[in-house]
Amino acid sequence: MSQNRKAVALISGGLDSLLAAKVIQDQGIHVEGINFYTGFCVEGHTHAIRKKDRNKPKRNNALWSAEQLGMKLHIVDIIDEYKDVVYNPRHGYGANMNPCLDCKIFMVQKALEWMQAHDFDFIITGEVIGQRPKSQRKDTMPVISNESGADDLLLRPLCARNLPETRPEKEGWVNREQLFDFSGRTRKPQMALAASLGFEDYAQPAGGCCFLTDAAYSIKLQDLWKSRGEKRYELDDIMLLKVGRHMRPREHFKVIIAREEGEGKFLRGYRKQFVCLDTVSHAGPLALIDGEVTRQDIELAAQLVARYSQGRSAESVELEVSDHGAEAYRIQVAPMPAHEIPQGWHV
Amino acid sequence: MSHEIVDARRLLCPMPVIRVQNRIAELPAGTLVKAICSDPGALSDIPAWCRINGHQVLETRVDDDEYIVIVQVGENT
Ligand code: SF4
């Protein structure tokens, strides 16, 4: 096998991409990893925000995978370019707001650009036929290769023997016989291969690799778009969807209420961009109001926030209001009784 | 000694790593880079990224609520 060939491996942090890269490394190919950051990735965020999680050891699984393999990892920010994939997926969404097939096409296309810019020879992914119902099927594999433009420079080492030969195989850069024919939803072949290669303690994410596969998160994203009258988000929006209790008492505004201290601290960092409510007469959560609001709206939001404070049974609760960082003022409100909060307000 | 500063405050991982990575790509070997972060994950992620990409972490510390990582740039190959 050639010592000079170079492959770029899409590394998600999961087991399959780790194995795919290892299998190709073991054929004497120089492999470097690439990891795309869309803003929706599950890695770390709630961990960083929630107080109870902050002291647990934490690791970024893509970096961990690269370290296991002794290879470089390039983390690429695709937040802005990725928006169009989320707004208009040509192949539609999965069970939630996850545009998996378009997402894969886009990532392979970006990997192809990187490969060409860095003079690498081919791309590898950890895809396995039948592993995921929407995006990893026998009929979607050529769609990803073709629509990304990678064509036969895209090699899937874990299921290559179930697919037509790619250029790295045809040219003898890699030995097809030493690639695999995994298929279906079972994880057993991957786990056996991991054991034989000496990998332990690898990440086993439940569901997908991003928040867009999460039903509750997807509902919040759709609510955001509905309230804006268009599909549009910024990085701060999608971060805030991961944090706190979201309630929409009126079409034109939403209240984000911290559920614990770490979330409160995180939300406080946004106080100059929003109307911010802080309970002062009792222990209570910090909250942000997202939307253009009147004094009456602020009072309604404050009543909701007071409901989640230690003063929920008190006659009145005092809160400090700061409007986009302007000088704060205080208001007194009666906490809204739990039974008066319509279920429909919870996003 | 002077440092190149990467201000990654209020960014959540992996953004601090990406900021450090992109800054280092423009710098000659030997330069010192000081990353200031508010996500504690930076204390594990930036050193991990440095280990695999050939840069040396000289110091990690916590200053109040800020997480500081000082890196010496290795050879960018
Ligand atoms: S789960 Fe998210 S990151 Fe993974 S393929 Fe689907 S849309 Fe892309």
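User: How many cavities of 30 Å³ or more are counted in this structure?

Analyst: In this predicted model, the count comes to one cavity of 30 Å³ or more. The volume of the largest cavity is about 40 Å³.

User: What makes this space a cavity, and which residues line the largest cavity?

Analyst: A cavity is a set of points where a 1.4 Å probe fits but cannot get out, and a residue belongs to the lining because it has an atom within 4 Å of a point. The lining of the largest cavity consists of L224(A), D237(A), L240(A), L241(A), H246(A), K254(A), I256(A), F274(A) and D290(A). Two or more residues of this lining come from each of α11 (235-240) and β7 (253-257) of chain A.

User: How is the lining of the largest cavity divided by class?

Analyst: Five of its residues are nonpolar, one is polar and three are charged. Asp and Lys count as charged, so D237(A), K254(A) and D290(A) of the lining fall in the charged class.

User: Why is the pair K265(A) and D65(B) called a salt bridge?

Analyst: The term requires a side-chain nitrogen of Lys or Arg within 4 Å of a carboxyl oxygen of Asp or Glu. The side chains of K265(A) and D65(B) meet at 2.8 Å, N to O. This pair is therefore a salt bridge, since its distance is within 4 Å. Between chain A and chain B the count is two salt bridges, and there are six residue pairs in polar contact, both residues being at pLDDT 80 or more.

User: Which elements give two or more residues to the side of chain A that touches chain B?

Analyst: These elements are α2 (45-49), α4 (61-69), β3 (73-77) and α12 (261-268) of chain A. The one that gives the most is β3(A), with five residues. By class, this side of chain A has 13 nonpolar, five polar and eight charged residues.

User: How do you know that chain A and chain B are in contact?

Analyst: Contact means heavy atoms within 4.5 Å, and 26 residues of chain A are in contact with 22 residues of chain B. The two chains bury about 1900 Å² between them, with 56% of it on carbon and sulfur atoms. In chain A, the residues that lose the most area to chain B are L63(A), K72(A) and I75(A), which together make up 28% of what that side buries.

User: What makes R5(A) and D121(A) a salt bridge, and where in the chain do they lie?

Analyst: Their side chains meet at 3.0 Å, N to O. The pair therefore meets the limit of 4 Å between an Arg nitrogen and an Asp oxygen. R5(A) is in the segment before β1 (6-10) of chain A, and D121(A) is in the loop between α6 (100-117) and β4 (122-124) of chain A, 116 residues apart. Over all chains, 29 salt bridges are found.

User: What is the form of the peptide bond from C13(B) to P14(B)?

Analyst: This bond is cis, with omega near 10°. P14(B) lies in the loop between β1 (4-8) and α1 (15-24) of chain B.

Notes. Residues are numbered from 1 along each chain as its sequence is written. Chains are lettered from A and ligands numbered from 1 in the order in which they are written. This is a predicted model: local features need pLDDT of at least 70, side-chain atom pairs count only at pLDDT 80 or more; totals for chains, interfaces and linings use all residues. Side-chain values use heavy atoms; hydrogens and water are left out. On a 1 Å grid over the protein atoms alone, a cavity is a set of points where a 1.4 Å probe fits but cannot get out, and a pocket is an open set with protein on both sides within 12 Å along at least five of seven lines; lining residues have an atom within 4 Å of a point. Grid points are joined across faces, edges and corners, and a volume is the space filled by probe spheres set on the points. Helices (H or I, at least four residues) and strands (E, at least two) are DSSP runs, numbered from the N terminus. Buried area is the accessible area (1.4 Å probe) that two parts lose on being put together, summed over both. A polar contact is a pair of N or O atoms within 3.5 Å; within protein, one must be able to donate a hydrogen and the other to accept it, and residues adjacent in sequence count only if both atoms are side-chain atoms.
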